Amino acid sequence: MRSAGSGGRGSAAWRFANRIVPHGRGVAWRAIAARALCELGWDGDVEEAATYWQRARGLIACSALDEATRPRILVFPRCRSVHTWFMSAPIDIAFVDAAGRVIQRHSCVPPWSMRSCARAYLVIERCSPREVASRVQGE
């Protein structure tokens, strides 16, 4: 039996991969991201950083948690480098190849840092679990 975070029907990865996408846009990278999320075991509210401004802003202007107190996860399709400039808390970063395998994983990357991976097809980032836990306890 699979747990909710291991890629079963109720997991964030499954819901993200099976969203209805108009005219097939983004289907390939969604499946790739879903495979990587299952490998990482990350669960939360998954969103695409699609526009220039969403990519530039990343998790800077987003709250670490959504309304249901679940971590926010951002996917950056066609991306090989991310920064944590102007961030107020550390984040976790995963670089994923075109087959959906995690090729680099960085935990608790501090603000004012930069990470790159030339072989990456997409990048997935989230607030570090310790940061999320401290925000939940602080509420």
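Asp-92 and Arg-126 form a salt bridge, with 3.1 Å between the closest N and O atoms; the term covers a side-chain nitrogen of Lys or Arg within 4 Å of a carboxyl oxygen of Asp or Glu. This pair links distant parts of the chain, since Asp-92 belongs to strand β4 and Arg-126 to strand β7, 34 residues apart. Strands (E, at least two residues) and helices (H or I, at least four) are DSSP runs numbered from the N terminus. Asp-92 and Arg-126 are both buried, where buried means under 20% relative accessible area, exposed over 50%, and partly exposed in between (1.4 Å probe, protein chains only). The model is a predicted one, in which local features need pLDDT of at least 70 and side-chain atom pairs count only at pLDDT 80 or more, while totals for chains, interfaces and linings use all residues. Residues are numbered from 1 along each chain as its sequence is written, and side-chain values use heavy atoms, with hydrogens and water left out.

Strand β4 is mostly covered, with 6 of its 6 residues buried. Ile-91, Ile-93 and Phe-95 point one way from β4, whereas Asp-92, Ala-94 and Val-96 point the other way.

Strand β4 pairs with two other strands, a pair being called when DSSP finds at least two bridges between the strands. With β5 it runs antiparallel over 5 bridges, and Ala-94 stands opposite Arg-105. With β7 (residues 122-127) it also runs antiparallel, here over 6 bridges, and Ala-94 faces Ile-124. The hairpin of β4 and β5 has 5 residues between the strands, and in this hairpin Gly-100 takes a positive phi near 90°.

Strand β5 spans residues 102-109 and includes Val-109. This valine is buried, at a relative accessible area of 1%. Contacts of Val-109 (heavy atoms within 4.5 Å), leaving aside neighbours within four places in sequence, are made with Thr-84, Pro-90, Ile-91, Ile-93 and Arg-115. Val-109 and Asp-92 are 17 residues apart in sequence, and their C-alpha atoms are 6.1 Å apart in space. Cys-108, also placed in β5, has a relative accessibility of 26% and therefore counts as partly exposed. The phi of Cys-108 is positive, near 50°, in a residue other than glycine. Arg-78 likewise has a positive phi, of about 50°, although it is not a glycine. Arg-78 lies in the loop between β2 and β3 and is exposed, with a relative accessible area of 58%. For context, most residues other than glycine have a negative phi.

Turning to β1 and β2, these strands pair in the parallel sense over 4 bridges, and Glu-47 has Leu-74 in β2 as its bridge partner. Strand β1 (residues 45-48) has a covered face, made of Val-46 and Glu-48, and an uncovered one, made of Asp-45 and Glu-47. Which residue meets the side chain of Glu-47 in a salt bridge? The partner is Arg-72, at 2.5 Å from N to O. Because Glu-47 lies in β1 and Arg-72 in β2, the pair ties together parts that are 25 residues apart in sequence.

Arg-30 is buried at 8% relative accessibility, and Glu-48 is buried at 16%. The count of salt bridges comes to 4.

The surface also carries a nonpolar patch of about 570 Å², made by Ile-60, Trp-85, Phe-86, Trp-112 and Met-114. Patches are made of residues with over 30% relative accessible area and no salt bridge, like charges being joined within 9 Å and nonpolar side chains (Val, Leu, Ile, Met, Phe, Trp, Tyr) within 5 Å. Accessible areas come from the Shrake-Rupley method with a 1.4 Å probe, and for residues only the protein chains shown count as cover. Within this patch, Trp-85 lies in the loop between β3 (81-83) and β4 (91-96) and is partly exposed, with a relative accessible area of 35%.
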